[in-house]
Amino acid sequence: MHRLLAGLLALVLLSACGTTSNVPLSSPLKQSPAVETLPGSITILYTENLRHHRCIAGKGYIAASWTIELGPSSIGMFDQIFSAFFENPVTLQADAASQIPANSKGVIEVGLLKFDGCEVTGPIGRQKITVAYQATLRARDGSVIARWEGHGRAGPADNLEGYTEKIPFGEVETRYLGAVTSLAMRRAAADFVVNFEQDQRLRAWLEK
């Protein structure tokens, strides 16, 4: 009986060796930040390295590799943030930078500064993941007014929402990576909001 169970387990592991799993990312922000709305209109531009982010992590025990895409979740998160900071932020595609609305004073470009989640190696459950974003405020003439960053890090010592021990065997790795990455993203967003709100250069420039 023990040999049979061991053989079945080995079969499951071997059959998974060639698989690639997509890491599920939960919505990092449960609600928009409570911040003071800034005057004036601004345009938001998400850079290509964020919009099209996609990387593959390998060396798993169950899955041979995992695909992680930060773009959609990150953009949704920053849409919430800028909707709280500005009355009517306008989002442009990266290839439409020249189409800034006439009433917009400038553009805030948001990009991915760092993500080391695709460098993790087994065993799953011990890794720490770092996420960092950078935003650059440019006037209509392209001159840089200010820059801000947001850094977040999470790991197994944290309370990981969406990850418990009572999950299907084949989902242990992807669920853990998704939970750690989502928390790191949320912490990076919180750090960004604090840095953004405390910087008086933006308000002074908008009020000119």
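Modeller: A term before we start: pLDDT is the predictor's confidence in each residue, from 0 to 100. It is needed here because this is a predicted model.

Colleague: What is the mean pLDDT of the chain?

Modeller: Of the residues in the chain, 75% reach a pLDDT of 70 or more. Residues 1-18 have a pLDDT below 50, and this stretch has nine contacts in the model beyond near neighbours in sequence. Over the chain, the mean pLDDT is 78.

Colleague: In what pattern do the helices and strands follow each other along the sequence?

Modeller: The chain holds five helices and eight strands. Read along the sequence, their pattern is α-β-β-α-β-β-α-β-β-β-β-α-α.

Colleague: What share of contacts between residues at least 6 apart in sequence joins residues at least 24 apart?

Modeller: The chain has 208 residues, of which 45% count as buried. Among its contacts between residues at least 6 apart in sequence, the share that joins residues at least 24 apart is 76%.

Colleague: Which residue does a disulfide join to Cys55?

Modeller: A disulfide needs two cysteine sulfur atoms within 2.5 Å. By this rule there is one disulfide. With an S to S distance of 1.9 Å, Cys55 is joined to Cys118.

Colleague: What handedness does the disulfide of Cys55 and Cys118 have?

Modeller: The quantity to look at is the torsion about the S-S bond of Cys55 and Cys118. This torsion is about 75°, so the disulfide is right-handed.

Colleague: Is Phe196 buried or exposed?

Modeller: Leaving out residues up to four places away in sequence, Phe196 touches Leu38, Phe82, Phe85, Phe86, Ile108, Trp148 and Leu202. The cut-off for buried is under 20% relative accessible area. Phe196 has 2% relative accessibility, so Phe196 counts as buried.

Colleague: How are the rings of Phe82 and Phe196 paired?

Modeller: The whole structure has 10 aromatic pairs. A pair of aromatic rings is described by the distance of the centres and the angle of the planes. For Phe82 and Phe196 the centres are 6.0 Å apart and the planes stand at 75°, so the pair is edge-to-face.

Colleague: How far apart in sequence are the parts that Phe82 and Phe196 tie together?

Modeller: Phe82, at 1% relative accessibility, counts as buried. Phe82 lies in helix 3 (residues 71-85) and Phe196 in helix 4, so the distance in sequence between the parts they tie together is 114 residues.

Colleague: Over the ring of which residue does the charged end of Lys105 sit?

Modeller: One aromatic cluster is formed by Phe78, Phe82, Phe85, Phe86, Tyr133, Trp148, Phe192 and Phe196. As for Lys105, its charged end is 4.8 Å from the centre of a ring, and that ring belongs to Trp205.

Colleague: What separation do the C-alpha atoms of Ala154 and Ala184 have?

Modeller: Ala154 is in strand 8 (residues 144-154). At 2% relative accessibility, Ala154 counts as buried. Its contacts beyond four places in sequence include Val180, Leu183, Ala184 and Arg187. Ala154 and Ala184 are 30 residues apart along the chain, and their C-alpha atoms are separated by 5.0 Å.

Colleague: How far apart in space are Asp79 and Thr91, C-alpha to C-alpha?

Modeller: Asp79 is in helix 3, and Thr91 lies in strand 5 (residues 90-92). Asp79 is partly exposed with a relative accessible area of 32%, and Thr91 is partly exposed with 42%. Beyond four places in sequence, Asp79 touches Tyr46 and Thr91. Asp79 and Thr91 are 12 residues apart in sequence, and their C-alpha distance in space is 8.4 Å.

Notes: Residues numbered from 1 in each chain as written. Predicted model: local features only at pLDDT ≥ 70, side-chain atom pairs only at ≥ 80, totals over all residues. Heavy atoms only, no water. Contact = heavy atoms within 4.5 Å. Phe/Tyr/Trp six-rings, centres within 6.5 Å; stacked < 30°, edge-to-face > 60°. Helix = DSSP H or I, 4+ residues; strand = E, 2+ residues; numbered from the N terminus. Buried < 20%, exposed > 50% of the residue type's maximum accessible area, 1.4 Å probe, protein only. Lys NZ or Arg CZ within 6 Å of the ring centre and 35° of its normal.
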